[in-house]
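Morning, everyone. Please bring up the structure on your screens, and we will walk through it together.

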Amino acid sequence: MSSEPVLLGKALASFDALWSPRIVASVNDYDVRIAKVEGEHIWHAHDDTDEFFLVLDGELRISLREPAGERTVLLPQGAVFTVPRGTEHKPYAPSGASILLFEPTGTPTVGDRHDEIPKHVDSTTGHALGA
């Protein structure tokens, strides 16, 4: 990692792939990742870690499967939300969004448990193929 400041706008402008987070910084054993998202991701869960979302631009929705039932949280630009470990969730952005994620290094984008991964997505990294 660089010891220089990272301009998030410049970093986001450096790629077009959707649902394919890029690491922009590290803090202890955590990665700070940015991603462009549009449409739907897959239902997935991270068994051993929470997942932190910050919406940099646009609007993100996250559907959650909780003991009390299913619900959706709406995150406008500037909002933060943490999905608790073990909670099945499906992020989606009907009109597109740019997000920042804070997760332990090595956390797979598709979680530890997930729905079937679309053929255009690498099942190991969760990155769009050809990205």
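Let's begin with a term: two strands pair if DSSP finds at least two bridges between them. Strands themselves are DSSP runs of E with at least two residues, numbered from the N terminus.

A word on the source: this is a predicted model, where local features need pLDDT of at least 70 and side-chain atom pairs count only at pLDDT 80 or more, while totals for chains, interfaces and linings use all residues. Residues are numbered from 1 along each chain as its sequence is written, and side-chain values use heavy atoms, with hydrogens and water left out.

Now the strands. β4 pairs with β8 in the antiparallel sense, over six bridges. Look at Gly58: its bridge partner in β8 is Ala97. β4 also pairs with β7, again antiparallel, over four bridges. There, Glu51 has Val83 in β7 as its bridge partner.

Next, the inside. A nonpolar core is a set of buried Ala, Val, Leu, Ile, Met, Phe, Trp, Tyr and Cys residues joined through side-chain atoms within 4.5 Å. Buried means under 20% relative accessible area, exposed means over 50%, and partly exposed is in between, using a 1.4 Å probe and protein chains only.

Which residues touch the most other members of the largest core? They are Val37, Phe53, Leu60, Ile62, Leu75, Phe81 and Ile99, out of 17 residues. Strands β2, β4, β5, β6, β7 and β8 each supply at least two residues of this core. β8 gives the largest share, four residues.

Take Val37. Contact means heavy atoms within 4.5 Å. Leaving aside residues up to four places away in sequence, Val37 touches Leu18, Trp19, Leu60, Ala93, Gly96, Ala97 and Ile99. A second, separate core has seven residues, including Ala11, Phe15, Val24 and Val32.

Phe15 brings us to charges. A charge sits over a ring if NZ of Lys or CZ of Arg is within 6 Å of the ring centre and within 35 degrees of the ring normal. Over the ring of Phe15 sits the charged end of Arg22, 4.5 Å from the centre. The charged end of Lys36 sits over that ring too, at 5.4 Å.

Last, rings. Rings of Phe, Tyr and Trp (its six-membered ring) pair if their centres lie within 6.5 Å; planes under 30 degrees apart are stacked, over 60 edge-to-face, the rest tilted. The count is one aromatic pair. Tyr30 is in β2 and Phe102 in β8, 72 residues apart.
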